[in-house]
Amino acid sequence: MVSQITSGIKITVLTSFEGTYFKNYKLHFAFSYEITIENQSKDSVQLTSRHWEIYDSLNDLETVDGEGVIGKKPVLKPGEKHSYSSGCLLSSPFGAMRGYFNMVNFTSTKSFRVIVPTFKLSTPFALN
């Protein structure tokens, strides 16, 4: 598990290896991750978009940008949390992800960026 606080917003990430499978005649490694966004600030905020950089030890960097998270743009009042699960496929047993969430502070109406710390994706059987 990794955590980081940016501008009063705490991001916590838990990862899990889900298994391997073949897609388009190629072996893929499936990983899931659960992200918890906790508003530790005194203002209400809303997540508006996300940016991901996905690193695979055998491939180039993949960048993903999009609105919200899993189709939602959660609003978090002070002290509230929002958790969601998602996943990614790698072509190798090792990789990592990092990124950020763009958010809006409802009190100041200013946009700000919340960092998602780098989290590793690795298969348990490949660690030796």
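Me: What kind of contact joins the side chains of Ser 32 and Glu 18, and why does it carry that name?

Reply: The side chains of Ser 32 and Glu 18 are joined by a polar contact of 2.6 Å. A polar contact is a pair of N or O atoms within 3.5 Å, where within protein one atom must be able to donate a hydrogen and the other to accept it, and where residues adjacent in sequence count only if both atoms are side-chain atoms; the 2.6 Å of this pair falls within that limit, so the name applies. This is a predicted model, in which local features need pLDDT of at least 70 and side-chain atom pairs count only at pLDDT 80 or more, while totals for chains, interfaces and linings use all residues. Residues are numbered from 1 along each chain as its sequence is written, and side-chain values use heavy atoms, with hydrogens and water left out.

Me: Where does Ser 32 lie, and what else does Ser 32 touch?

Reply: Ser 32 belongs to strand β3, a strand being a DSSP run of E with at least two residues and a helix a run of H or I with at least four, both numbered from the N terminus. Leaving aside residues up to four places away in sequence, Ser 32 touches Leu 14, Thr 15, Ser 16, Glu 18, Ser 86 and Gly 87, where contact means heavy atoms within 4.5 Å.

Me: How many helices and strands does the protein have, and what is the mean pLDDT behind them?

Reply: The protein has 0 helices and 9 strands, and its elements therefore read β-β-β-β-β-β-β-β-β from the N terminus on. The mean pLDDT, which is the predictor's confidence in each residue from 0 to 100, is 95 for the protein, with 98% of residues at 70 or more. Confidence is lowest in β2, at a mean of 95, and highest in strand β6 (residues 75–76), at 98.

Me: What makes a group of residues a nonpolar core, and which members of the largest one touch the most other members?

Reply: A nonpolar core is a set of buried Ala, Val, Leu, Ile, Met, Phe, Trp, Tyr and Cys residues joined through side-chain atoms within 4.5 Å. The largest such core has 25 residues, and Ile 11, Ile 35, Ile 37, Trp 52, Phe 101 and Met 103 touch the most other members. At least two residues of this core come from each of β2 (9–23), β3 (26–39), β4 (45–56), β7 (81–90), β8 (94–105) and β9 (111–122). Ile 11 touches, for example, Val 2, Ile 35, Ile 37, Phe 101, Val 114 and Val 116.

Me: How do you know that Glu 53 and Arg 98 form a salt bridge?

Reply: A salt bridge is a side-chain nitrogen of Lys or Arg within 4 Å of a carboxyl oxygen of Asp or Glu. The closest N and O atoms of Glu 53 and Arg 98 are 2.7 Å apart, and this pair therefore meets the definition. Glu 53 lies in strand β4 and Arg 98 in strand β8, so the pair ties together parts that are 45 residues apart in sequence. Glu 53 counts as buried at 18% relative accessibility, whereas Arg 98, with a relative accessible area of 37%, is partly exposed.

Me: How many salt bridges does the whole structure have, and why does the pair of Lys 42 and Asp 43 count as one?

Reply: The search finds 3 salt bridges. Lys 42 and Asp 43 have their closest N and O atoms 3.8 Å apart, which is within the 4 Å limit, so this pair counts. Lys 42 is exposed at 72% relative accessibility, while Asp 43, at 13%, is buried. In the pair of Glu 67 and Lys 73, the closest N and O atoms are 2.9 Å apart; Glu 67 is exposed at 55%, and Lys 73 is partly exposed at 42%.

Note on methods: Buried means under 20% relative accessible area, exposed over 50%, partly exposed in between (1.4 Å probe, protein chains only).
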